[in-house]
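Student: I'd like a close look at one part of this protein, please. Could you walk me through how the pieces of the chain meet?

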Amino acid sequence: MRVILPMPGNEAMAAALARRLDAELGVLDWRRFPDCEAYVRIASAVRAKRVYIVCTLANPDPQILTLVFAAAAARECGAEGVYLIAPYLAYMRQDKRFKPGEVVSARHFARLISQNFDALVTIDPHLHRICGLETIFSIPTHVGAAAPLLGAWIAQNLDAALIIGPDQESAQWAQEVAKSAGAPHVVANKLRSGDEKVRVELPDLAAWSERQPVLIDDIVSSGRTMIEASRALAARGMAKPYCLAIHAVFAPGAFDRLAETSERVVTTDTIAHPSNAISVVDMLARLIAS
Ligand code: R5P
């Protein structure tokens with residue numbers, strides 16, 4: 001028997017997964033003590049059941065300890081196994097020591113998750129210099145790829161799209177999305193000199209000038225990558241782009257700034273956000289059931 005247990009803020013995704021899997025929807029009793037420490041109690045019977053804790057990991061720091069406590073509580077209540085469903089997996093971009101003394105967060109975050117869960121299910125982790133989750137996680141990992149869903153959305157909603165990856169890291173997603181959408185694709189070059197300091201250099205787009213530009217990325221965080229790519233497109237006389245991203249991380253103010261430079265912003269529901277228009281629920285349910 002499966003119990004799908006939502007961490008705070010993940011109730012809608014957990015309920016959708018429970019319906020899709022015909023599983024029990026569990027209840028986590030959670031609050032903060034007056035001193036801000038966390039109180040956690042599993043308020044559902046989980047003995048001898050498999051517990052799937054749903055917790056998307058955007059803004060991870062305020063919730064990670066509560067998540068670890070919830071996993072521990074489920075185990076202490078006799079769960080047969082405790083699994084993490086993290087539609088968005090945090091800290092994967094800090095995958096290299098660029099300066100002496102920097103922590104390679106991806107490895108330590110992976111170790112923390114591996115110590116507390118029996119398996120991980122996620123969608124499109126940001127894998128760039130780390131080639132696979134199995135190289136940093138010591139538990140089984142099950143990964144879904146949302147590119148075909150983005151491609152299907154484009155095929156259904158846009159005519160004559162041109163898929164543009166704003167940087168080399170996005171090339172893997174841009175290529176897959178283009179294949180599913182049946183559209184051509186190009187990849188730009190990004191120079192990042194700070195969190196908010198980004199320059200995007202587009203390739204020659206003369207052959208595609210009549211097409212609808214569609215920027216594709218795995219994550220929008222500060223929004224700078226997509227905003228600067230949109231500006232570069234405007235400078236070439238191209239139409240305002242559709243901006244499609246898998247994970248709507250959106251730092252404060254980022255969505256509003258990006259909305260100004262784009263025709264529309266579309267994301268998947270790995271992180272709940274008003275721009276969500278593509279659902280990964282079926283994909284997650286298949287991964288859980290497999
Ligand atoms: C990094 O390589 C990722 O693929 C994204 O391009 C990046 O995280 C976007 O960040 P921001 O929205 O802050 O430019």
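Tutor: Happy to! Let's begin with the annotation: UniProt, in an unreviewed entry, lists residues 4–114 as "domain: Ribose-phosphate pyrophosphokinase N-terminal". Please keep in mind that this is a predicted model. In the model, the span 4–114 is 33% helix and 23% strand, and its end C-alpha atoms lie 19 Å apart. The UniProt record, again as an unreviewed entry, also places "domain: Phosphoribosyltransferase" at residues 161–254. For residues 161–254, the content is 26% helix and 37% strand, with 25 Å between the end C-alpha atoms.

Now for the division of the chain itself. Domain 1 takes in 2–145 + 280–289, while domain 2 covers 147–269. A distance of 28 Å separates the C-alpha centres of domain 1 and domain 2.

That brings us to the interface you asked about. Here 14 residues of domain 1 are in contact with 14 residues of domain 2. The size of an interface is often expressed as the accessible area lost when the parts come together. Between domain 1 and domain 2, the buried area is about 1200 Å², and carbon and sulfur atoms give 58% of that area. On the domain 1 side, the residues touching domain 2 fall into ten nonpolar, two polar and two charged.

What about specific pairings across the interface? Between domain 1 and domain 2 the count of salt bridges is zero. Polar contacts do occur, however: seven residue pairs, both at pLDDT 80 or more, are in polar contact across the interface of domain 1 and domain 2.

How values were computed
Residues numbered from 1 in each chain as written. Predicted model: local features only at pLDDT ≥ 70, side-chain atom pairs only at ≥ 80, totals over all residues. Heavy atoms only, no water. Domains from an automatic or database assignment. Contact = heavy atoms within 4.5 Å. Buried area = accessible area lost by both parts, 1.4 Å probe. Salt bridge = Lys/Arg side-chain N within 4 Å of Asp/Glu carboxyl O. Polar contact = N/O pair within 3.5 Å; in protein donor to acceptor, adjacent residues only side chain to side chain. Nonpolar A, V, L, I, M, F, W, Y, C, P; charged D, E, K, R; others polar. UniProt positions renumbered as here; feature names shortened; annotations may be inferred. Helix = DSSP H or I, 4+ residues; strand = E, 2+ residues; numbered from the N terminus.
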